[in-house]
Amino acid sequence: MPDVYKIFIGGGGDDWFSHIVESYAEQYRKSNPTYQCPYFSWTAGSGIVSTLENAAKGSFITVIGHSYGADTAFSAIQRGRPVNTLISIDPVGRFRPAWATISGRCLTWLNVRAEPSEGNRSTDDTIASLGGKYPPPPAPGQPGAPTYALTADATHGAFSQMMRTSTSNGISGKSLLGGHGV
């Protein structure tokens with residue numbers, strides 16, 4: 001049986017302040033002890049590339065990135081080996097990859113963009129905008145498009161909610177992550 005990797009990458013402040021993705025990864029790891037579930041800060045691009053490169057041939061690799069962590073995921077996937085699944089949650093950053101390059105380096109890609117309604121906005125949405133929130137990727141079916149592109153009425157910091165946001169046929173970050181959920 002191939003190794004299973006679920007690589008979690010937190011955004012700015014996740015490893016020292018909010019712990020949004022770090023906590024999610026820890027809960028997921030406890031529920032799925034046979035999976036390799038490393039957590040990385042968005043600043044650990046080289047460590048992520050190393051993990052990708054050192055995974056045994058035939059390993060099933062899922063990368064989950066939030067905010068600046070999604071930006072780092074794009075960069076690592078572009079520099080490292082292709083992955084089975086990429087889950088990018090409300091990407092923020094300055095990398096701005098060629099969408100076609102990213103979509104060509106993963107078999108399945110789900111992108112969730114936070115678009116909170118007027119009464120649902122918070123300070124973290126302003127911070128995400130100032131930090132360089134990504135524009136929407138191309139629409140599914142267009143060159144470079146993710147397999148699934150979703151919009152969530154959620155604040156930027158609502159990582160768990162965005163992981164549960166699903167298509168009409170039930171595809172979500174949580175369902176693509178698989179295993180015993182959080």
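**Cysteines and cores**

Mentor: In this predicted model the structure holds zero disulfides.

Trainee: Why is Cys-37 called buried, and what makes Cys-106 buried?

Mentor: Buried means under 20% relative accessible area; Cys-37 has a relative accessibility of 5% and therefore counts as buried, while Cys-106, with a relative accessible area of 8%, is buried by that cut-off too.

Trainee: Which residues touch the most other members of the largest nonpolar core?

Mentor: Among the 23 residues of that core, they are Phe-8, Ile-87, Met-163 and Leu-177. At least two residues each are supplied by helix 2 (20–31), strand 4 (83–89), strand 5 (106–114), strand 6 (148–152), helix 7 (159–164) and helix 8 (173–177), and the largest share, four residues, comes from helix 2.

Trainee: Which residues does Leu-177 touch, if residues up to four places away in sequence are not counted?

Mentor: Contact asks for heavy atoms within 4.5 Å, and on that basis Leu-177 touches Lys-6, Phe-8, Tyr-24, Tyr-28, Thr-62, Ile-64, Ile-87 and Met-163.

Trainee: How many residues are in the second, separate core?

Mentor: That core has 21 residues, including Ile-48, Leu-52, Ile-77 and Tyr-134.

Technical notes: Residues numbered from 1 in each chain as written. Predicted model: local features only at pLDDT ≥ 70, side-chain atom pairs only at ≥ 80, totals over all residues. Heavy atoms only, no water. Disulfide = S-S within 2.5 Å. Buried < 20%, exposed > 50% of the residue type's maximum accessible area, 1.4 Å probe, protein only. Core = buried A, V, L, I, M, F, W, Y, C linked by side-chain atoms within 4.5 Å.
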